[in-house]
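Dear colleague,

Please find the structure below, handed over for your review. My findings follow after it.

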Amino acid sequence: MSEENKIVPALDCLKKVVGSNEEVLTLLTRFHWILLLDPASSLGHNAAVLRDIGMPKLVVSRFLMMNGYAPLTAPQRFKAIDDRALAMGFDPNKHSFGDAINSFAAVSEDNWKHKVGILKKWGWSDSEFVTAFRKQPRIVLIFGKKIEGIMDLLVNMMELKASFVAGCPYILLYSLENRIMPLCSVVRHIVSKGLIEKESYRLGYVLRCADECFLKAYVGKHVEIRSELMALYSSHKKVT
């Protein structure tokens, strides 16, 4: 690569967008391949588009720091993606706008339709998908196989309605094997023993609990079957 014609212009462009040499270094540590894609040809234009629609400079910088690919999308497509995010009601002042742009840029139209099709197969309506996407745009980045596994567990094993997941889409981002399965197995066992009513717990809240908090509330509390619950939890929980 030419230092004068390639590297220096690229570094200058990155610094203008993210603000400092230190932040450029952090960015290149995360996405070292950015220099190969000639950021000067698209990044400056796309950053200007974001500022023009009202995204604060600090948010633009953070967006680039967290998303290496989307800001380097071809300018014409990037503008269309921005318009799409605005049309869906995303606010440029919020980080969710950046998540929406990243999702639109990363997922092809065919793959998008595939993900929507999977969720509709499990009972989501078009409006529920739109609402869920607005809450958590990264749901379309999840592998279809993982979506299938989580929906199967929650709908068939936990006997929840598909609309429950649509209302708490962040659940789809959790690890099926290392969070959802261990916690749901414990809760289901407690319910089967008649120690709590099925309607008395909020699974969305349960899945957001830190491990220590969950073990204290749902394992340590039930002294009579504590060993059973701990064994069940440990059998599913992967060691990380």
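Is the crossing of α1 and α3 left-handed or right-handed? The crossing is left-handed, a term used if the near helix is turned anticlockwise from the far one by less than a right angle, and right-handed if clockwise. The contact involves C13, L14 and V17 of α1 together with L43, G44 and A47 of α3, where contact means heavy atoms within 4.5 Å. Five of these residues are nonpolar, one is polar and none is charged.

Please note that this is a predicted model, in which local features need pLDDT of at least 70 and side-chain atom pairs count only at pLDDT 80 or more, while totals for chains, interfaces and linings use all residues. Residues are numbered from 1 along each chain as its sequence is written, and side-chain values use heavy atoms, with hydrogens and water left out.

Helix α1 spans residues 3-18 and helix α3 residues 43-52; they pack at an angle of about 15°, with their axes 10 Å apart. That angle makes α1 roughly parallel to α3 (angles under 35 degrees count as such).

As to the overall division, the chain comprises domain 1 (3-106), domain 2 (108-169) and domain 3 (174-239). The C-alpha centres of domain 1 and domain 3 are 41 Å apart.

Finally, V219 lies in the loop between α13 (211-218) and α14 (226-236). V219 is buried, with a relative accessible area of 3% (buried means under 20%). Leaving aside neighbours within four places in sequence, V219 is in contact with V186, F214, R226, L229 and M230.

Yours sincerely

Key
Axes fitted to C-alpha atoms, helices over the stretch in contact; angles between N-to-C directions. Helix = DSSP H or I, 4+ residues; strand = E, 2+ residues; numbered from the N terminus. Parallel < 35°, antiparallel > 145°, perpendicular 65-115°, else oblique. Nonpolar A, V, L, I, M, F, W, Y, C, P; charged D, E, K, R; others polar. Domains from an automatic or database assignment. Buried < 20%, exposed > 50% of the residue type's maximum accessible area, 1.4 Å probe, protein only.
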